[in-house]
Amino acid sequence: MPWVCLLLAGLLEIVWAFSMKQSQGFTRLFPTAITFVTMIGSFALLSVAMQRLPLGTAYAIWTGIGALGAFVVGIVVLGDPVTPARLAAAALILSGLVLMKLSA
């Protein structure tokens, strides 16, 4: 169950990062509200996962899911640039997440 909570926390982190971008500096009400609601949910689920998982593992995976997810959403939805260096960096993050999970 802690891994499910951690995955959901990471997915909510992607949502709040995207909605924060859409809030335009918290000047738009609906994206701002989504940002804060999903942020609270993400932190709550992370705290549940941390009851059973090591701090470093849980935090690294939560952050990694959010970082990779925001990277993909940025490319697919927002048209962020795709460069070999950015793809290599994302691959390194992913490999670190896999190794962290395998070591847990």
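Modeller: Contact means heavy atoms within 4.5 Å, and we will need that word soon. What we have here is a predicted model, in which local features need pLDDT of at least 70 and side-chain atom pairs count only at pLDDT 80 or more, while totals for chains, interfaces and linings use all residues. Residues are numbered from 1 along each chain as its sequence is written, and side-chain values use heavy atoms, with hydrogens and water left out.

Colleague: Thanks! Which pattern does the protein chain follow along the sequence?

Modeller: We look for helices (DSSP runs of H or I, at least four residues) and strands (runs of E, at least two), numbered from the N terminus. The protein chain has four helices and zero strands. Read along the sequence, the pattern is α-α-α-α.

Colleague: What % of the 104 residues of the protein chain count as buried?

Modeller: With a 1.4 Å probe and protein chains only, buried means under 20% relative accessible area, exposed over 50%, and partly exposed in between. The C-alpha trace spans about 40 × 35 × 15 Å along its principal axes. Of the 104 residues, the buried ones come to 31%.

Colleague: Let's zoom in on F26. Which residues does F26 touch, not counting residues up to four places away in sequence?

Modeller: F26 sits in the loop between α1 and α2. Leaving out those sequence neighbours, F26 touches M20, T32, T35 and F36.

Colleague: Now the rings. Is the pair of F26 and F36 stacked or edge-to-face?

Modeller: Phe, Tyr and Trp rings (for Trp, the six-membered ring) pair if their centres lie within 6.5 Å, with planes under 30 degrees apart counted as stacked, over 60 as edge-to-face and the rest as tilted. The count by this rule is three aromatic pairs. In F26 and F36 the centres are 5.3 Å apart and the planes are at 25°, so the pair is stacked.

Colleague: Where is F36, the partner of F26?

Modeller: This pair links distant parts of the chain, ten residues apart. F26 is partly exposed at 40% relative accessible area, and F36 is partly exposed at 39%. While F26 belongs to the loop between α1 (2-22) and α2 (29-50), F36 lies in helix α2.

Colleague: At what angle are the ring planes of Y59 and W62?

Modeller: These two are three residues apart in helix α3 (residues 55-76), so about one helical turn separates them. Y59 is partly exposed at 45%, whereas W62 is buried at 5%. Their ring centres are 5.6 Å apart, and the pair is tilted because the planes are at 45°.

Colleague: Last one! At about what angle do α1 and α3 pack?

Modeller: Two packed helices are described by the angle between their axes and the distance between the axes. For α1 and α3 the axes are 8 Å apart. Residues making the contact include W3, L6 and L7 of α1 and T57, A58 and I61 of α3. The packing angle is about 40°.

Note on methods
Axes fitted to C-alpha atoms, helices over the stretch in contact; angles between N-to-C directions.
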